[in-house]
Amino acid sequence: MNKTVTCLGYLVCIKHTATKKDQRRLHFGNFLDPEGAWLDTVHFPDSAANFPFRGRGFYAFTGIVMEDFGVLTVSVTFMEKVGIKTG
C-alpha cells in the first residue's frame with residue numbers, strides 16, 4: 001500500500017463526521033469508477049477544508065492507498081469536481 005493514485009469517480013454518498021480531539025470536519029466518500037467498481041475515500045480535516053465536495057457528479061481525486069481491516073481506501077490529498085465532455 002502507500003501508493004499514490006489518481007482516480008475518476010461518480011460521487012454516490014458522503015458521511016460527514018468530526019475528529020474526537022478538536023471537532024474538525026472529516027468525510028468518508030463512496031464513488032463508482034468508470035467500470036462500475038466502488039472507490040472508498042477518506043478526507044481528513046486539511047483535505048476536507050481545502051477540497052470540499054460540490055454536490056453529486058464526477059470528481060477527479062489524488063491520494064494515497066491505505067489498507068485498514070482488509071479494506072482499501074484512498075486518503076485524498078487533492079480533489080476537484082469535473083464535467084463530462086460529450087460528443
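Ser47 is buried (under 20% relative accessible area, with exposed meaning over 50% and partly exposed in between; 1.4 Å probe, protein chains only), its relative accessible area being 8%. The model is predicted, so local features need pLDDT of at least 70 and side-chain atom pairs count only at pLDDT 80 or more, whereas totals for chains, interfaces and linings use all residues. Residues are numbered from 1 along each chain as its sequence is written, and side-chain values use heavy atoms, with hydrogens and water left out.

Ser47 is located in helix α1. Helices (H or I, at least four residues) and strands (E, at least two) are DSSP runs, numbered from the N terminus. The Ser47 side chain reaches the backbone oxygen of Val76 at 2.9 Å. When residues up to four places away in sequence are not counted, Ser47 touches Val76 and Thr77; contact means heavy atoms within 4.5 Å.

A pair of aromatic rings is described by the distance of the centres and the angle of the planes. Rings of Phe, Tyr and Trp (its six-membered ring) pair if their centres lie within 6.5 Å; planes under 30 degrees apart count as stacked, over 60 as edge-to-face and the rest as tilted. By this rule there are 6 aromatic pairs. One of them, formed by Phe31 and Phe61, is tilted, at 4.9 Å centre to centre with 40 degrees between the planes. Phe31 lies in strand β2 (residues 25–32) and Phe61 in strand β4 (residues 58–68), so this pair ties together parts that are 30 residues apart in sequence. Both Phe31 and Phe61 are buried.

Phe51 and Phe78 form an edge-to-face pair, with 5.2 Å centre to centre and 70 degrees between the planes. This pair links distant parts of the chain, 27 residues apart: Phe51 is in the loop between α1 (45–50) and β4, and Phe78 is in strand β5 (residues 71–82). Phe78 is partly exposed, at a relative accessible area of 35%.

Phe31, Phe53, Tyr59 and Phe61 are linked into a cluster by ring pairs. Apart from neighbours within four places in sequence, Phe53 is in contact with Leu11, Ile14, His27, Phe31, His43, Tyr59 and Met79.

Key
A polar contact is a pair of N or O atoms within 3.5 Å; within protein, one must be able to donate a hydrogen and the other to accept it, and residues adjacent in sequence count only if both atoms are side-chain atoms.
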